[in-house]
Amino acid sequence: MNSHSPLPDKSLLLELHKYDFETGGITHLKPRSGIRVGQLAGNKTEGGYFRIKVDNRLYLAHRLMFFVFYGVDPLEYEVDHIDGNKENNKPDNLRLATHSQNQQNSPAYKNNNSGYRGVHWHKQHRKYVAEIQVNKKNHHLGLFKTKEEASLAYQKAASELFGEFNHKPIKEFS
């Protein structure tokens, strides 16, 4: 499944599936072996996205929904879920993004122990480090006494670099 492959013709997609723009759901319009009309199309990947088979190729459901609703094949762009919910494929929750922008709009990694995106503890310096990644390159933002200070530095850089794609902090602080 290459998310950058051209999508099937829109008329074929509309012939095979019903696209509910209110719920973001995609259902089957034609019965097939083991598939009923009205049944939710596709299955969920390990990563939490829905994918749908069309002409023996798998496509991410949010890319299909974006294409059918907006009439634009995302091609080299990724389709970002604005609210971060991979199951929310409503058109108003989808937008085109570069890979870097899409990554920025994701939550902190599960192994993050500071509670803040882009912040980790540096044992040797006994301080918190703030770093941000842009186009697959890490940029050091500094060492800080508190994780809150490090997070503020990260948030400032992220706002400047990513604007609307900047993911909000995991924890709020004053």
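**Charged pairs and a hairpin**

Modeller: Asp 80 is buried, with a relative accessible area of 1%; buried means under 20% relative accessible area, exposed over 50%, and partly exposed in between (1.4 Å probe, protein chains only). This is a predicted model, where local features need pLDDT of at least 70, side-chain atom pairs count only at pLDDT 80 or more, and totals for chains, interfaces and linings use all residues. Residues are numbered from 1 along each chain as its sequence is written, and side-chain values use heavy atoms, with hydrogens and water left out.

Colleague: Which residue forms a salt bridge with Asp 80?

Modeller: Arg 95 does, with the closest N and O atoms 2.8 Å apart. A salt bridge is a side-chain nitrogen of Lys or Arg within 4 Å of a carboxyl oxygen of Asp or Glu. Arg 95 lies in strand 7 and Asp 80 in strand 6, so the pair ties together parts that are 15 residues apart in sequence. Helices (H or I, at least four residues) and strands (E, at least two) are DSSP runs, numbered from the N terminus.

Colleague: And is Arg 95 buried or exposed?

Modeller: Arg 95 counts as buried, at 11% relative accessibility.

Colleague: How many salt bridges are there in the whole structure?

Modeller: Three. One of them joins Lys 30 and Glu 15, whose closest N and O atoms are 3.1 Å apart. Lys 30 is in the loop between strand 2 (26-28) and strand 3 (43-44), while Glu 15 is in helix 1 (residues 10-16), so parts 15 residues apart in sequence are tied together. Another is between the side chains of Lys 44 and Glu 87, at 2.4 Å from N to O.

Colleague: Different topic. Where is Asp 73?

Modeller: In the loop between helix 2 (61-70) and strand 6 (78-81). Asp 73 is buried yet has no salt bridge. Its nearest side chain of opposite charge, Arg 63, is 4.5 Å away; Lys and Arg count as positive and Asp and Glu as negative, with His and the chain ends not counted.

Colleague: What lies 2.9 Å from a polar atom of the Asp 73 side chain?

Modeller: The backbone nitrogen of Leu 7.

Colleague: Last one: in what sense do strand 4 and strand 5 pair?

Modeller: Antiparallel, over four bridges, between residues 50-54 and residues 57-60. Two strands pair if DSSP finds at least two bridges between them. Val 54 stands opposite Arg 57 in strand 5. The hairpin has two residues between the strands, and Asp 55 takes a positive phi near 50 degrees there.

Key: A polar contact is a pair of N or O atoms within 3.5 Å; within protein, one must be able to donate a hydrogen and the other to accept it, and residues adjacent in sequence count only if both atoms are side-chain atoms.
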